[in-house]
Amino acid sequence: MHQDEQLSAGSLVRTWFRMLFGLTIGSVTGLLGLAAAALGTGTIRLTEYELRRIARFDRAVYTTPLGKGGCRRYLAARWLVGLLGAGVICMLLFWYAVAISMVTAWLFDGTWGLVKDGDHVSAELLALVTIPGALVIFVTTAGVPGVAALDRWLATTVLGTSQQTLLRQRVAELTSTRADVIEAIDDERRRIERDLHDGVQQRLVALGMLIGRARRAKDDEQLQQLLRQAHDTAGETIDELREVATRVYPAVLDDSGLDAALEVLAERSSVRVDIGNELKTSPGTALETVIYFVVSEAVNNAAKYADPSVVEVSLWPGKDDITIMVWDDGIGGADPTGTGLSGLARRVKAVDGDFEVTSPLGGPTTIYARLPCG
């Protein structure tokens, strides 16, 4: 507990000095901003610098796209905050200098550096200096984060979006994403039901009919022929059932990892699939599942509708995201609002990712998906 308190106190001190340094820079740039606002030149560049400064020494400000008019209004008002910050810093430095000089005088000559009354410092004079000085030091010390908060508030008010608005937008986005995920799950269930009904179930019915005919066969040759047909049908049914199970969730993803799952996907595809995976470490089961299904659906869509000669799949990591690119040289014209691609978009949005499709008529088609992995 004591160690946690020390760490917390150290963090507060470091934060305070970081804000102080940011205000010192902001006091200088405030005057530059006033000049830029008056002249109407360089306002966007200077505003971008101010936003980076606030993010570096305090917290990031979320802004709308910067325009020249908004930046000019911001810089025209920001110099007052810079002036206030300069005043706080000057008062802080002055009273700290007074306090340091008094302590130094006491350490070296036994006095407080004030007028002596015989061999003692005047108590009235000492109280007159130290009490207001201590109050001013306290107020100016507390004023540093106060001015920093005012600096951030001004940028948010003039240029950006408040935390409450961001939270409302985030809640609306999550509500929409949840509805999309539920819809995507329902679509997947309906597709699995169709696959089972139209594929596996019909083959099982045919298998049962073949077995029934074999039981009624009158000669051995007809019996052997019907049994061979039943055996072939059973094998096809098993393969189709395995395909349906893979679309539900590929077991190889858990058993052998993403690389093996993508290799199996490429082997089973009806077109040539080239895979380039630059991921050195596993991004986790949840992201691996999303990556697999994005690649699987994109490859299946290309093979089914685009008639390509090759599909190229590329995965590479970024600073805090993973990019998936699926490219094919097919006929193009893919509709992003179609069932397959819209389902992919919903799956990517469910993990706060970005999804993009470029598919001009005549091809090629490129699908990008970026998944956050921070």
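Reader: Happy to look at this with you! How many helices and strands does the secondary structure of the chain come to?

Author: Glad to have you here. This is a predicted model, and its chain has a secondary structure of ten helices and seven strands.

Reader: What percentage of the residues of the chain count as buried?

Author: The chain has 374 residues in total. A residue is called buried when its relative accessible area is under 20%. The share of residues that count as buried is 34%.

Reader: And for contacts with a separation of 6 or more, what share comes from residues 24 or more positions apart?

Author: Here we look at contacts in the chain with a separation of 6 or more. Among these, the part that joins residues 24 or more positions apart is 69%.

Reader: Which residues does Ile291 touch, not counting residues up to four places away in sequence?

Author: Ile291 is among the residues that touch the most other members of the largest core. Leaving out residues up to four places away in sequence, the partners of Ile291 are Leu258, Leu279, Pro283, Leu315, Ile322, Ile324 and Leu371.

Reader: How many residues are in the second, separate core?

Author: This second core is separate, and its members include Leu20, Leu46, Ile54 and Leu75. Its residue count is 22.

Reader: How do the residues of the contact of helix 9 with helix 10 divide into nonpolar, polar and charged, and which residues make the contact?

Author: Helix 9 passes helix 10 in a left-handed crossing. On the helix 9 side the contact is made by Val290, Phe293, Val294, Glu297, Ala298 and Asn301, and on the helix 10 side by Gly340, Leu341, Leu344, Arg347 and Val348. By class, the residues of this contact are seven nonpolar, two polar and two charged.

Reader: What about helix 8 and helix 9: roughly parallel or antiparallel?

Author: Helix 8 and helix 9 have axes 11 Å apart and pack at an angle of about 15°. Angles under 35 degrees count as roughly parallel. So helix 8, relative to helix 9, is roughly parallel.

Reader: Is the crossing of helix 8 and helix 9 left-handed or right-handed?

Author: In this pair, Leu258, Ala261, Leu262 and Leu265 of helix 8 meet Glu288, Ile291, Tyr292, Val295 and Ser296 of helix 9. The residues of the contact are seven nonpolar, one polar and one charged. The crossing itself is right-handed.

Reader: Let me try some single residues. Is Asn277 buried, partly exposed or exposed?

Author: Asn277 lies in strand 3 (residues 272-277). Beyond its neighbours within four places in sequence, Asn277 contacts Leu258, Asp259 and Leu315. Its C-alpha atom is 4.8 Å from that of Leu315, 38 residues apart along the chain. Because its relative accessibility is 23%, Asn277 counts as partly exposed.

Reader: Is Gly330 buried or exposed?

Author: Gly330 sits in the loop between strand 5 and helix 10. Setting aside residues up to four places away in sequence, Gly330 touches Ala306, Asp307, Pro308, Gly362 and Gly363. Since its relative accessibility is 5%, Gly330 counts as buried.

Reader: Asp307 has a positive phi although it is not a glycine; what is the value?

Author: Asp307 lies in the loop between helix 9 and strand 4. At 64% relative accessibility, Asp307 counts as exposed. Its phi is about 50°.

Reader: Where is Pro364, and what is the omega of the cis peptide bond from Gly363 to Pro364?

Author: Pro364 belongs to the loop between strand 6 and strand 7. The peptide bond from Gly363 to Pro364 is cis, with omega near -5°.

Technical notes. Residues are numbered from 1 along each chain as its sequence is written. This is a predicted model: local features need pLDDT of at least 70, side-chain atom pairs count only at pLDDT 80 or more; totals for chains, interfaces and linings use all residues. Side-chain values use heavy atoms; hydrogens and water are left out. A nonpolar core is a set of buried Ala, Val, Leu, Ile, Met, Phe, Trp, Tyr and Cys residues joined through side-chain atoms within 4.5 Å. Buried means under 20% relative accessible area, exposed over 50%, partly exposed in between (1.4 Å probe, protein chains only). Contact means heavy atoms within 4.5 Å. A crossing is left-handed if the near helix is turned anticlockwise from the far one by less than a right angle, and right-handed if clockwise. Helices (H or I, at least four residues) and strands (E, at least two) are DSSP runs, numbered from the N terminus. Ala, Val, Leu, Ile, Met, Phe, Trp, Tyr, Cys and Pro count as nonpolar, Asp, Glu, Lys and Arg as charged, and the others, Gly among them, as polar. Axes are lines fitted to C-alpha atoms, for helices over the stretch in contact, and angles run from 0 to 180 degrees between N-to-C directions. Angles under 35 degrees count as roughly parallel, over 145 as roughly antiparallel, 65 to 115 as roughly perpendicular and the rest as oblique.
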